[in-house]
Amino acid sequence: MNAISPRDMTYVRDLVRRHSAIVLEPDKAYLIETRLAPLVQQAGFASLQELIAALRSNPANGLLPKVVEAITTHETSFFRDLHPFDTLKTQVLPDLLAKRRPAQNLTMWCAACSSGQEPFSIAMLLHESFPALVGGRLRIIATDLSSAILARAREGLYSQIEVNRGLPPALLAKHFDKQGLHWRIKSDIRRMVEFQQSNLAEPWPPMPPMDMIFMRNVLIYFGLETKKSILARIRTLLKPDGYLFLGTSETTLNLDAAFEPVSTGKTVCYKLRSAKNP
Ligand SMILES: C[S@@+](CC[C@H](N)C(=O)[O-])C[C@H]1O[C@@H](n2cnc3c(N)ncnc32)[C@H](O)[C@@H]1O
């Protein structure tokens, strides 16, 4: 594998930061080299140096999104960490449904949804436990920076390894069809999720006020100011009694005092301080 020079390393770090807000520490040379190696081959370059030279000479040549895509972590799984989904089912949805009577219409945003396992887990949970919300009463908007990963999410096609991670066998049997070596999620679940491309670090597309926001395992990649600016915008988007879910290693503490953590079992979710908690 080609070693990246300090100058190229600085260039790639700046480029990734400008286009995704992802902060790569200077000691991440190995990560950049290993993640860009397949792209060097696919795009027909002889070396990493050649790929970076092509980017420098013409940053608009289509390579840029592929480089950001290759460097981004898309790690996800069905019902990742499990306990946030339990909290959603046993606390959050019952609380919001009681408050939204009689219409009980709810909207949720699944930000940084990667290849779709997170929003589809929520859609399956609704199907199983809140069937009355299926059919448009709970709108699920799912966004990600990467068009390539969203194309995968829209397809809803998963490998055996992906369905083995976190998906109960009964839900696999009920909501997926076998297609060759893969499993395709059935269209009634697929149709419950609206996928859109959106960069969290740039102005967001117009979105309705949210009852729930899942923004898990993405703030961790950003610098302090980006995290603060995203939380400030969530403040205006989340309804006063809405719920924010972050990843288990993420928090609003020391970033935005408007949010207060609410612990339920193993899960910590966040509410706006002015809201009356249940
Ligand atoms: C580690 S995955 C998290 C997936 C899922 N939320 C979960 O917890 O399993 C992080 C995702 O954030 C997306 N991402 C990174 N930077 C982003 C940005 N600036 N705007 C929107 N999405 C971004 C990546 O494309 C990737 O799919």
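This section describes the domain arrangement, salt bridges and selected local features of a predicted model.

Local features were considered only at pLDDT of at least 70 and side-chain atom pairs only at pLDDT 80 or more, whereas totals for chains, interfaces and linings use all residues. Residues are numbered from 1 along each chain as its sequence is written, and side-chain values use heavy atoms, with hydrogens and water left out.

The domain assignment of the protein chain gives domain 1 (6-71) and domain 2 (83-272), the bounds being taken from an automatic or database domain assignment. The C-alpha centres of domain 1 and domain 2 are 30 Å apart. Contact, defined as heavy atoms within 4.5 Å, links seven residues of domain 1 with 10 residues of domain 2. The size of an interface is often given as the accessible area lost when the parts come together. Here the buried area (the accessible area, with a 1.4 Å probe, that two parts lose on being put together, summed over both) is about 590 Å² between domain 1 and domain 2, with 56% of it on carbon and sulfur atoms. Polar contacts are pairs of N or O atoms within 3.5 Å; within protein, one atom must be able to donate a hydrogen and the other to accept it, and residues adjacent in sequence count only if both atoms are side-chain atoms. Three residue pairs, both members at pLDDT 80 or more, are in polar contact between domain 1 and domain 2. On the side of domain 1 that touches domain 2, helix 1 (6-20) and helix 4 (63-71) each supply at least two residues. Helices (H or I, at least four residues) and strands (E, at least two) are DSSP runs numbered from the N terminus. By class, that side of domain 1 has four nonpolar, two polar and one charged residues, where Ala, Val, Leu, Ile, Met, Phe, Trp, Tyr, Cys and Pro count as nonpolar, Asp, Glu, Lys and Arg as charged, and the others, Gly among them, as polar. The count of salt bridges between domain 1 and domain 2 is zero.

Thr76 is located in the loop between helix 4 and helix 5 (83-99). With a relative accessibility of 12%, Thr76 counts as buried; buried denotes under 20% relative accessible area, exposed over 50%, and partly exposed in between (1.4 Å probe, protein chains only). Apart from its neighbours within four places in sequence, Thr76 is in contact with Ser114, Ser115, Gln117 and Arg165.

Side chains of opposite charge can pair when their charged atoms come close. With a salt bridge defined as a side-chain nitrogen of Lys or Arg within 4 Å of a carboxyl oxygen of Asp or Glu, the count comes to 15. One of these joins Asp81 to Arg216, with the closest N and O atoms 2.9 Å apart. Asp81 lies in the loop between helix 4 and helix 5 and Arg216 in the loop between strand 7 (210-215) and helix 11 (224-237), so the pair ties together parts that are 135 residues apart in sequence. Asp81 is partly exposed at 34% relative accessibility, while Arg216 is buried at 3%. A further salt bridge connects Arg235 and Asp256 (2.9 Å, N to O). Because Arg235 lies in helix 11 and Asp256 in the loop between strand 8 (238-246) and strand 9 (259-264), this pair ties together parts that are 21 residues apart in sequence. Arg235 is partly exposed, with 37% relative accessibility, and Asp256 is buried, with 8%. Salt bridges that share partners also join Arg100, Asp211, Lys239 and Asp241 into one network.

Gln104 occupies the loop between helix 5 and strand 1 (106-111) and is buried, with a relative accessible area of 17%. The side chain of Gln104 forms a polar contact of 3.2 Å with the side chain of Arg137. Residues up to four places away in sequence being excluded, Gln104 touches Leu97, Ala98, Leu133 and Arg137.

Most residues other than glycine have a negative phi, and most peptide bonds are trans. The peptide bond from Arg101 to Pro102, however, is cis, with omega near 0°; Pro102 lies in the loop between helix 5 and strand 1. Ala112, although not a glycine, has a positive phi of about 60°. Ala112 lies in the loop between strand 1 and helix 6 (117-129) and is buried at 18% relative accessibility. Asn254 likewise has a positive phi, of about 65°; Asn254 lies in the loop between strand 8 and strand 9 and is exposed, with a relative accessible area of 78%.
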